[in-house]
Amino acid sequence: MAEEQRTEVQATDVHPPRPRTGWENVKEAYVFSRIDGEISQEAFELIAMFLMGMAAGSIYGGVPASRHARNRFIKTSDAALYPSRLDAVGTSYNAGTRGFIRYGFRWGWRTGFLVLGFHGISSFLAVYRDKTDMLNYTAAAVTTGGLYRFNMGIKGIIGGSFIGALLGVPAGCLMVGLQKLNGETFHQKKKRERMEEKLEKEQEQMQKEKFFGDLIENVNKSVKEDSGPHR
């Protein structure tokens, strides 16, 4: 009877697991492993999104600028003399290349910043709040638009935030709708994959500990058997 009462007391003393805070979720999601040199999927996506946005912006702004610079060079150099037609064509293409580099970089870093800001803030809010909804995408669009026009003062921040809201709300509706149709949000998928990877590493660690424990036990047993007859 006393043992049953003691068991009941111990069972009542067990506290439920403490709910994780938002910052704990963020620390778990955005990590860099110094052991194997791997970064989390969330951190990798930030780099990938910036590079993809920069590439898209460079093509969008650089190709028309290159064509315009080349045509402008041809129109303004009618009276110029070149040793050969090949030199003239090469010089015109050099002008187009300079235009592509100049305006491609100008459009590229801006587009990369917008894509990085929108994706980074929305992903951060999803991890911190542990859920995906319209608030994440709207807040990300408003914040990114305001930061993009930060150098223009208060009016620029308000205008950029307003434009960000106009673009972010339909984009957020589309993203949330697609994820609901898929049955699993991006955040839920990443969270599930992190848990599965964590469990897999724990199982591997347990198997290694069991293997080395059995190995040491067998070695000790062999040493005892070999040293027994000599005594």
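**A ring pair and its surroundings**

Modeller: Phenylalanine 124 is partly exposed, at 29% relative accessible area (buried is under 20%, exposed over 50%, partly exposed in between, with a 1.4 Å probe and protein chains only). Tyrosine 128 is also partly exposed, at 34%. Please keep in mind that this is a predicted model, where local features need pLDDT of at least 70, side-chain atom pairs count only at pLDDT 80 or more, and totals for chains, interfaces and linings use all residues. Residues are numbered from 1 along each chain as its sequence is written, and side-chain values use heavy atoms, without hydrogens and water.

Both residues belong to helix 4 (residues 85–129), four residues apart, or about one turn of the helix (helices are DSSP runs of H or I, at least four residues, and strands are E runs of at least two, numbered from the N terminus). The structure has four aromatic pairs. Phenylalanine 124 and tyrosine 128 make a stacked one, with 6.1 Å between centres and 15° between planes (rings of Phe, Tyr and Trp, its six-membered ring, pair with centres within 6.5 Å; under 30 degrees is stacked, over 60 edge-to-face, the rest tilted).

Now compare a residue in helix 6 (residues 153–182), glutamine 179. Glutamine 179 is buried, with a relative accessible area of 2%. Beyond its neighbours within four places in sequence, glutamine 179 is in contact with Thr132, Tyr137, Glu184, Thr185 and Phe186 (contact means heavy atoms within 4.5 Å).
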